[in-house]
Amino acid sequence: MCVLPLILLLLGLSVLWIEARHRLRPSSPLTLHQMDWSVSKASGNLELSGWLEIANPHQRMEIFVPELEVKPVLIGNDDLSDIVISTRVTPHHPDEESRPDGYWPAYIVKGHKRTSVQVNVSLSCRDGGDVSSRVDTVWMDVHWMNYGPFGRLSRREGVVVPLRRPAALHQENATFRSGDGCSVLPLKTHLLGPLDNTIDVLRHYAGELVQSGDILTIGETPVAVIQGRYTHPCMVHPSWIARLLCRVFHPTSSLATACGLQTLIDQVGPTRVILAWSIGLALKLIGLKGWFYRLAGDQARLIDDITGTTPPYDQTIVLGPQAPKQLCDEAAASLGVSVAIVDVNDLGRVKVLASSAGCDEELLDRALRPNPAGNANERTPLVLVRPA
C-alpha cells in the first residue's frame, strides 16, 4: 500500500536533485562581445582593428579575467602558410592605465561594470605579395579565462571578420535556374556572422533583384550565426545524463554526442530531455517514431553539431535561430516581398522554419527540393524564388 507513494517521492527527489545540479553547475556571468571591426590596406598588407567588450551583469559578484588572448585564423582558397600574423591586445580598463608592453594584467570586473579591449592584427606576406587577394576572411578566436566563486573556467569565443565581399548582382547579370513552376536564383554572400544584420544582408544582396510575387529565402543556420547562437564545444560541459542518453541516437544525429545533447539540455533543462527521451524510446519500441523531437522542443531538431555547417562554424555547435517568424515579418515589410527561413538538404528535405504572412510554402517546397543553395562551401545562403 505504501510502495507507490514511496516510489513517487523518490522520483520527485531525483528530479529535484538533477535540476539542482544542473542549475548550480559552474558558470560565469561575464559576457564578451566583439564589435566595430575595421579593415585597411597599405602596400599589400592588411591592418585589422576591433574592440571587445566584457560586461558583468551580476549585481555583486566580482569576476577575475587573468588571461585573454586573440588567435586570428586565416580563411581563403590558397596556401596561406607564408602570411605573417602580428597581434596586439591592449586593455582599456576604466580604472587602470593601459600597459605599453602588451602584457595582459589580471583584471577584476566588478558587479554591473564593464571593460573594453582593443585588438590590432597585421597581415603581411613574407615575399611582399598582396595579402588581400589571398585571404577573404579572418576568424578572430578569443581564448580567455574567468576566475571566481565558480572556480576557474576556460572560455573560447570567435567571430568572422570579412575582408572581401562579393558584389551584389544586378538584374541584367542575374541568371535564374528553371524549376518546378518557378525560377530560382542562389545568391552568393560574404561569410556571415554576428557583425552582420540579417535584414541588411537581405537588402544588400537581393534588394535590386526582388519584384512583386517573389519569395526570398535564407538558411536557418546563417540566421543563427548572425544572432551569435553558436558555441565552441570546449564551452560545453557534458553531464552524466548527456553522456548516457546520447548513445541511443542515430550516429548522424547532432544529439549523438555528449556535447550536442548537453547543448539541448542547457536550452530546455534535464527534466524535459529525460522525459522526452523516456517517452520517445517507449513509443519507438511500438513503432511510433519522432516523439522525442516533438516533446523536447524545436531546438532538438535545429541544433547542428560540429561539421554541420561551413567553416569556421564547422568547429562549433550552432543552435536554431531566435524569433524566426518575427524576423521574417520584419524583413518582408522592409523588402516588399515574402521572406522565409528554411532548412534544406541534399536528400530533398525542405523545412520552412518560418515565413512572412501570405508566403506560398507549397511553391517553396517545389523550388527548394533540388537544394539550389547547395550543402558544401558555396556561400549561397540566400535563394530568390520567382513564380513562373
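Author: Contact here means heavy atoms within 4.5 Å. Helices (H or I, at least four residues) and strands (E, at least two) are DSSP runs, numbered from the N terminus. This is a predicted model: local features need pLDDT of at least 70, side-chain atom pairs count only at pLDDT 80 or more, and totals for chains, interfaces and linings use all residues. Residues are numbered from 1 along each chain as its sequence is written, and side-chain values use heavy atoms, without hydrogens or water.

Helix α10 spans residues 361-368. Its buried residues (under 20% relative accessible area; exposed is over 50%, partly exposed in between; 1.4 Å probe, protein chains only) are L363, L364, A367 and L368. Seen down the axis of α10, they fall within an arc of 115°, so they line one face of the helix. That arc is taken from the directions from the helix axis to the C-beta atoms. The buried residues of α10 pack against β11 (182-187), β12 (215-219), β15 (338-344), β16 (350-355) and β17 (382-387).

Now the aromatics. Rings of Phe, Tyr and Trp (its six-membered ring) pair if their centres lie within 6.5 Å; planes under 30 degrees apart are stacked, over 60 edge-to-face, the rest tilted. The count is 6 aromatic pairs. One of them, F64 with Y147, is edge-to-face: 5.6 Å centre to centre, 85° between the planes. F64 sits in β3 (residues 63-65) and Y147 in β8 (residues 135-148), 83 residues apart. F64 is partly exposed at 33% relative accessibility. Y147 is also partly exposed, at 41%.
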